[in-house]
Amino acid sequence: MKQYKFLDLSATNQRYLSDLKAASLRVIESGRYIGGEEVEEFQNQVSELCQTPHCVGTSNGLDALRLIFEAYKILGKLKEGDEVIVPANTFIASVLAITHAGLKPVLVDPDIDTMVLTAEGIEKALSDSTRAILTVHLFGRIAWSREMAELAKKNDLIVVEDAAQSIGARSTTPGLFNTNMAGSLGHAGAFSFYPTKNIGALGDAGAVCTHCSQLAEIVKALSNYGSVERYNNIYAGFNCRLDTIQAALLRVKLPYVDEVNQHRQEIAQTYCDTISHPLVVAPPHPSDPRECVWHQYVIRVRESMRDKMREYLKNRGVETDIHYPTPVHLQQCYKSLAQSKLPIAETLANESISLPINDSVTADEAVEIAKMINSFYMI
Ligand SMILES: *Cc1c(COP(=O)(O)O)cnc(C)c1O
């Protein structure tokens, strides 16, 4: 039976193999394994792609987010206990970054169809202690609007973007600094280059992008023990640097970001055009296709049928996944958030199925998978 893999990272990296080998060898032979030109060049490449004057490489996406919040505390714009609005259906790292920095996450239900935060949701959650919004471009979809920008300005809120899943996505609504790329819309954006992301390293990696030079300086220092120059420590910092070898490998892959994302857009369009089943809700397409880079393609299937549909697909060789099976407020580590009423986040956790969308799946295969879905229970 034909197998449809959910992910195949060795196949993904195969196409870059000779350049990845050359980049690794270059680093090995350079003798420079922390910082250096590779990291500088990678940061410049990300800055240029993401339309932000500053980029600081970090150890991973969680640290990128955490350093942004820590830096705002140093700048005096956030303090312990301040509230940060965040979507309830995000990957847990978004929320960990908030609590690690001593801030208070306020979980907000997303729009059930787009699965991302809306201005209405944010407005309802505002309180006298709200100081920031962490908007998450979940599954690659831009979570930004004119109304959100106005809310942020009116209430003097810091806007941080969790762009871990959305590198290369373009917003039709300009950001606070009149740019359009994911990660450039708010005051600061965090990227992850975890191996499974649209552009993945061969290990952990991340980056902070920002329009604010002061913020970038502090993030950079915090990532390096809080030191601005060797043995001169202004802050009690961390060790959250981007590895030189990961920077060199990412420099190989980053130029292909639009190509990689266009392939995902094509697969998503194929699913969208072909899936039609009374039990299945497929995600809406944004009016401008560039607003979504489809890190995941997540359909919803009525709760009582979800696991049956997964089993049915598995029996036909189709691997699927769930993003995410347990919402943040129901995780053991966040008992303090358990009283939150978040029906949409819970529905999404119970109804979602992520279909294969990766560098190897072809449009023909997407049609085959969609047709299997359409034949569910009608066989
Ligand atoms: C992957 C991811 C992160 C964390 O990135 P890591 O590099 O794995 O630490 C944060 N937020 C979201 C939405 C993610 O998908």
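## Ligand shell

In this predicted model, the shell around the ligand consists of six nonpolar, five polar and two charged residues. The ligand is surrounded by 13 residues, and the closest of them are G61, D162, Q165, S192 and K197. Two helices, α4 (61-74) and α5 (92-100), each contribute at least two residues to the shell.

For K197, a polar side-chain atom is 2.6 Å from an oxygen atom of the ligand. For Q165, a polar side-chain atom is 2.7 Å from a ligand oxygen. G61 takes part through its backbone, where a polar atom lies 2.7 Å from an oxygen atom of the ligand. On its own the ligand has 380 Å² of accessible area, and the protein covers 92% of it.

## Largest cavity

There are four cavities of 30 Å³ or more in the structure.

The lining of the largest cavity has eight nonpolar and five polar residues, and no charged ones.

## Second largest cavity

The second largest cavity holds about 70 Å³ of space. Its lining divides into eight nonpolar, two polar and two charged residues. Among the lining residues are D113, R141, T114 and Q296, along with M115, L138, F139 and W294.

Notes: Residues numbered from 1 in each chain as written. Predicted model: local features only at pLDDT ≥ 70, side-chain atom pairs only at ≥ 80, totals over all residues. Heavy atoms only, no water. 1 Å grid on protein atoms, 1.4 Å probe; cavity = no way out; pocket = protein on both sides within 12 Å on 5 of 7 lines; lining within 4 Å. Points joined across faces, edges and corners; volume = space filled by probe spheres on them. Nonpolar A, V, L, I, M, F, W, Y, C, P; charged D, E, K, R; others polar. Near = heavy atom within 4 Å. Polar contact = N/O pair within 3.5 Å; in protein donor to acceptor, adjacent residues only side chain to side chain. Areas by Shrake-Rupley, 256 points an atom, 1.4 Å probe, with all protein chains shown as cover. Helix = DSSP H or I, 4+ residues; strand = E, 2+ residues; numbered from the N terminus.
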